[in-house]
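Please look through the sequence and the structure shown below before reading my points. I have written them as a colleague's note, and each point can be checked against the coordinates.

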Amino acid sequence: MSEIPARATESEDPSDGARRKAAREGAAHDTRATRAPRDTHSQDAQTAGDAHSRDAQAAGDIRTSGATAPRRPGFASDEVRPGDPVWQSSPPGSIYDYIKVASFSIGPDGLVDQWSVRAEQLFGIPARRAVGLDPIEAFIDPDRRERGQRKMAEILDGREWTGVVPFRVPDTAEEERGREGLAEVYVMPTKTEDGEKAAVCIVVDVRTLRRIETDLAASQAIFSQSPFGFLLIDSDLRVRRANQRFASLFGGTPDDHRGRGVHDYLTRPEADRVTATLRRVLESGESITDMHITGFVPGSDERRHWSINLYRVHSGSGRPIGIAWLGIDITARRAAAREAAAARRNLALLNEAGARIGNSLDLETTARELLDVVVPGFCDLATVDLYQGLLAGDETPPGLADGSAEVRRVAFSSAVSDAPFVGGGAEVAVGAVHHYPFNSPCADALRTARPQHVPGEEGGLVQSTLAVPMVAHDTVVGLAQFARTKGSEPFGERDRDLAVELAARAAVCIDNARLYRREHERALILQRSLLPPGDPVASGLDIACRYLPGNASSDRPSEVGGDWFDVIELPGHRTALVVGDVMGRGLRAAVAMGELRSAVRTLALLDLEPAEVLSALDEIARGLGAPGGVQQATRAARRPREADLSEVYLATCVYAVYDSVTRRCTFANAGHLPPVLVEPGEAALMLDVPPGMPLGVGGEPFEEVEVELPEGALLALYTDGLVESRDHPLDEGLQAFVGALTDPTRPLEDVCDHVLNTLDSHHGEDDIALLMARVQGLPADSVGDWTLPREPRSVGRAREYARAQLLSWDLEPLVDTTELLVSELVTNALRYGEGEIRLRLLLDRTLVCEVWDSGLVQPRRRRARDTDEGGRGLQLVGLLSAAWGSRRTPRGKTVWFELPLPDGENGLTDPAEALLSLF
């Protein structure tokens, strides 16, 4: 059986008899021309066409045509005789290009006797293997074969049958083995030449049909729901189909646009250009992407812009059938592009302004830098006026300024004329002080902080002027005027906004200079307020100090630093000497210095060892730069912290505790310069104190060094501003400082002045802090020291020792109070302490009593109830003494109290009244 033709064309108006005759002649010819009857396909196909004309129509579409058919075997010539069918060999371009239709025939024995080429494609079995197979046994699953045999018997009995049959490819097909499919089968009974009953089967792949249905539905959805204008244009360049989006833009329904051309939508020049492009796409198959066209939509005079994409559309057989047109309205995008281009130009000008304006803290220089940017790139003439009070250093209150106040013209620039810019009033020279009339546009701009447009004078050079107030941080600092001459483009809204931005940037730079000067002054005041007021006083030490803040530099006013010093009185006539330097400058450094100084004083009152004080300060310094403060910094101490370097606080510090009784001084250093000691009759030397890490670094312990200071020795603590400068390295400065301390016997004030005058410190580059102390130990007759055994009689002995010592010092008014308090402390040491008890009385500016024992438990004051018999000892100590406390020692603890000396001004508390106040 030959391949059933997909389309047949016959001469105009043929009769049924002529059509059947042509079919029989073609079938007879194919039968004679084929040597193997089972390998030919046309006989049963044409027989089926005779038996059932509609089946022949299903196999091929017979159309009327006057075309010349290709020559076929059995015809005497190439000429087509009237009434003969014409069989096309070219791709027909019909539905059969998309669906899989195949045919085969079944002989009287129920076996396949003819197998078409399309059957080979559908089932994957060549004809040499398919012919002779039982279709039921070969293609049908075993559970359906019994029913299939019954149907085959009915078919061979002369019945037609149509149905959907699942099939599988038999094992004889190696490439397609095991594949399953679904086919719609149309079986038509036929007869052989001998009159035996046979059948012709037409098979359609059902899954291909379902896929086509899905593709059609998807194509319809895409076409109808597309947010773009979608057109299908045929080969005549007419609209074949339009979607709803296109119709909503150009009016009507999608069907109303069928048959229209591009000239129905666009102006003639634009339509000709688009038509030529459509023809090129149709002929060459080249796609066009993002082609811009312009036109109008019905009912609007606004010019619209579209971006279209064009590509050629083909049929299933690959034949070009038209062009797909996808269009999107880009009118808003084009407008945005124009705006973006203007914005880029303005941004370039702003970038230039950012690079050129504000390179100095000088007000006039900043104003001239603004004019260098805007002339001639933005305007032709420009001026800057600043408030006279701002230039004089007065504080300008925030808010809107008085537009008629005095201003000074600080800058002028012109691209077309050397004459000063008039701007609607009298001529004003650069440097002149003037004011604007209250009702003038310039005064209104200053008063309202809003730009004003000033039209040019008749017959003048200027076309228009923008008067823009210079506003920074809600403060009007001056007025900038930008003018364009006649013949230039007038100012628009975009130019107005740009002028405001340029003036604001310059105003911020001008205001920064004012704010910097104010910050420097306030930081200096803050820094001085955080330092010890007056001359510090310490027991057993003669103190002198100097602090010089940095206040001058070669290029700009310097900022205040974080240098500080302190002298802290400790219990037991001991003194803490502190000198430190916070790295960095400005208000931040001054505030950090204040926080560290406060922390040092607090830690010193806890009477901690110097190394412990620096360890606690290190935690505090790290907490200054942490969002969660000290606790957060402590938790994060063991893991790396990625913090902004501007928020990291580092400081150096040296902390020394001097005991006036033993004249021993304990040092601990956190990255600071070493102290300098000058002993009587000896040259100055730098003490070997381990430097340690700066505060804020963390991770390293601090070491202590104890040094015994001889009587009359001079101790100097200082910061790096004294010994280091840009011109002199640190080593040279240290040697010069040590060399300047030649005579420690001179008064300390004179020694400080001599050091500052001798050293080439280049003051102004950094702060200088200098603290000097001359050792004056407590005399031996001002100290009473006794050791008491752990027995009850020691309480009475302690009272006797205290009474006798106070009478020898002529302090009889303090005897009763001291006896009572000593009795309480010694009793507590016996009850709660350990080891031997030591009693010590110290006389200097105050009287200090200390009770030592080996116990580690610190006394804790509590409030006794009215019914309690004890628990009031420490309350009594707190009532009768000026101060009391306890501190740890290497071998236990020390509990102490302090009493002021009787001088006739400060009355002493009566012990009897204090006892009664407890109840």
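**Notes on the model**

1. Asn309 has a relative accessibility of 30% and therefore counts as partly exposed, a class that lies between buried, under 20% relative accessible area, and exposed, over 50%, as computed with a 1.4 Å probe on protein chains only. Asn309 belongs to strand E12, where helices (H or I, at least four residues) and strands (E, at least two) are DSSP runs numbered from the N terminus. If residues up to four places away in sequence are not counted, Asn309 touches Ile288, Thr289, Asp290, Ala324, Trp325 and Leu326, contact being defined as heavy atoms within 4.5 Å.

2. A word on the basis of these values: this is a predicted model, in which local features need pLDDT of at least 70 and side-chain atom pairs count only at pLDDT 80 or more, while totals for chains, interfaces and linings use all residues. Residues are numbered from 1 along each chain as its sequence is written, and side-chain values use heavy atoms, with hydrogens and water left out.

3. For the protein chain as a whole, the secondary structure comes to 24 helices and 34 strands. Of its 919 residues, 45% are buried. Among the contacts with a separation of 6 or more, 63% are made by residues 24 or more positions apart.

4. Helix H10 covers residues 268-284, and its 17 residues reach 24 Å from the first C-alpha to the last, close to the 24 Å expected at 1.5 Å a residue; the expected span is 1.5 Å times one less than the number of residues. Which residues of H10 are buried? They are Glu270, Ala271, Val274, Thr275, Thr277, Leu278, Val281 and Leu282. Seen down the axis of H10, these buried residues fall within an arc of 165 degrees, so they line one face of the helix; the arc is that of the directions from the helix axis to the C-beta atoms. As background, an α-helix has 3.6 residues a turn, so residues three or four places apart point the same way.

5. The surroundings of H10 can be described from both sides. The buried residues of H10 are covered by elements that include strands E9 (229-234), E11 (288-295), E12 (304-314) and E13 (320-329), whereas the face turned away from the buried side carries the exposed residues Arg268, Pro269 and Glu283. After H10 comes Gly285, whose phi is positive, near 80 degrees.

6. Helix H8 (residues 206-225) can be read in a similar way. Its 20 residues should span 28 Å at 1.5 Å a residue, and its end C-alpha atoms are 28 Å apart, which agrees. Val206, Thr208, Ile212 and Phe223 are buried in H8, and they cover an arc of only 160 degrees around the axis, which puts them on the same side of H8. What covers them includes strands E6 (161-168), E7 (180-191) and E8 (197-205), together with E9 and strand E10 (239-242). On the face turned away from the buried side, H8 carries the exposed residues Thr214, Ile222 and Gln225.

7. Some backbone details in loops deserve a look. Val375 and Pro376 are joined by a cis peptide bond, with omega about 0 degrees, and Pro376 is placed in the loop between helix H12 (363-374) and strand E14 (381-387). His473 is a residue other than glycine with a positive phi, near 55 degrees, and is found in the loop between strand E18 (462-472) and strand E19 (475-485). Asp810, also not a glycine, has a positive phi near 60 degrees; Asp810 sits in the loop between helix H21 (793-808) and helix H22 (815-832), and counts as exposed at 66% relative accessibility.

8. Finally, Pro441 is found in helix H14 (residues 441-448) and counts as partly exposed at 36% relative accessibility. The C-alpha atoms of Pro441 and Gln452 are separated by 6.2 Å, with the two residues 11 residues apart along the chain. Leaving aside neighbours within four places in sequence, Pro441 is in contact with Gln452 and Val454.
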